[in-house]
Amino acid sequence: MAEALWGERALLPGLRVGHFTDREALTGCTVVLVEEGAVAAVDVRGAAPGTRETDLLAPENTVERVQAVLLTGGSALGLAAAEGVVRYLRERGKGFPTPAGVVPIVPAAVLYDLGRGQAFRPPGPEAGYGASLAAGGGVAEGSVGAGTGAVAGGVKGGVGLAGYFLEEGFRVVALAAVNSLGRPFDPLTGRLYAEGLLAPEERALLPDLSRYRGSPEDYRFPFLLGQNTTLAVVATDAPLTKAQAKRLAIMAQDGLARALRPAHTPLDGDLVFALALGDGRGVDPMTLLRLGAYAADALARAIARGVLLAEGVPGVPAYRELVHKGGEITE
């Protein structure tokens, strides 16, 4: 058994999350700070990723620990926001030690939200620095940070956070920025694909579907082709090795596929970072299996929460208002 977590209870000691939100430009970024370092890995499944410093996360490569991970809007232009996170960490003496001082290790990944707001202003270094300054004990969800301009299958996307506390004493949590080509809900019934995984308390967020009338999924997408990507970070306080963190990221990808249909398409850059805040000595295979299984469930719930808590913008309705009004995306 495992206890479902969300909100502040889903944050791990030593991990802080901060957002920078630009509502005029409808973009932003979200930073996950682990200033004392975390074993890290990444799994990339989408065919159109935009990334920074992901090669060093391969299990065979030298650097074991990172000090932050950045999820950002702005497509490739938004990678500049990582420079602000690096500056924030270096000012505090956090990073990989070198003869010339510490070098903060900040892998980053982007989603496409260009041109969705009233201004063209991709996140830059000041956005990354601002998100780092804003990192604290709580996590805002919905249309904030990297989810500010996100769109999920034609409805408003956003940021969501969910996790589990396992009976082994370890926690695993997932943070998602949902900007997918695939829909998060069945267009025939209006139900979220991840609805069955939500905790009883989370079901209070679900809208009334009594007026909804839709059509079967035909995997045709008249909206936002080539402007997609779902980004996620899964984190645990279990002492995983770098190779085990890679397996955690791989298993967590199943949650993305449970919550979004289709996922990992030629037009998405879907990826999952994994962070392990333990000492890196490793866990037994059964513990890793259970952590990975719950990471996938946590990611599916995080995606659902990001969509449920998102607020609509002109031209892009929130999921809750679309299905409550009985509508269906037609263009």
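The structure is a predicted model. The protein contains five helices and twelve strands. Its radius of gyration is 18 Å, close to the 20 Å that the globule rule gives for 331 residues, so the protein is as compact as a globular protein of that length.

**Overall dimensions and packing**

- Taken along the principal axes, the box filled by the C-alpha atoms of the protein is roughly 60 × 45 × 35 Å.
- Of the 331 residues, 59% count as buried.
- Among contacts in the protein with a separation of 6 or more, 82% are between residues 24 or more positions apart.

**Surface and charge**

- The protein has an accessible surface of about 12,600 Å², and carbon and sulfur atoms account for 53% of that surface.
- The side chains of the protein include 31 positive and 36 negative ones, and the centres of these two sets lie 1 Å apart.

- Arg 9 lies in the loop that runs between strand S1 (2–6) and strand S2 (16–22).
- Arg 9 counts as partly exposed because its relative accessibility is 46%, which falls between the 20% limit for buried and the 50% limit for exposed.
- When neighbours within four places in sequence are left aside, Arg 9 is in contact with Glu 3 and Ala 4.
- With Glu 3, the contact includes a polar one between the two side chains, at 2.4 Å.
- Val 173 is 164 residues from Arg 9 along the chain, and the C-alpha atoms of these two residues are separated by 9.9 Å.

Note on methods: Residues are numbered from 1 along each chain as its sequence is written. This is a predicted model: local features need pLDDT of at least 70, side-chain atom pairs count only at pLDDT 80 or more; totals for chains, interfaces and linings use all residues. Side-chain values use heavy atoms; hydrogens and water are left out. Helices (H or I, at least four residues) and strands (E, at least two) are DSSP runs, numbered from the N terminus. Buried means under 20% relative accessible area, exposed over 50%, partly exposed in between (1.4 Å probe, protein chains only). Contact means heavy atoms within 4.5 Å. A polar contact is a pair of N or O atoms within 3.5 Å; within protein, one must be able to donate a hydrogen and the other to accept it, and residues adjacent in sequence count only if both atoms are side-chain atoms. The radius of gyration is taken over C-alpha atoms; the globule rule is 2.2 Å times the number of residues to the power 0.38. Accessible areas come from the Shrake-Rupley method with a 1.4 Å probe; for residues, only the protein chains shown count as cover. Lys and Arg count as positive and Asp and Glu as negative; His and the chain ends are not counted. The place of a charge is taken as NZ of Lys, CZ of Arg, CG of Asp or CD of Glu.
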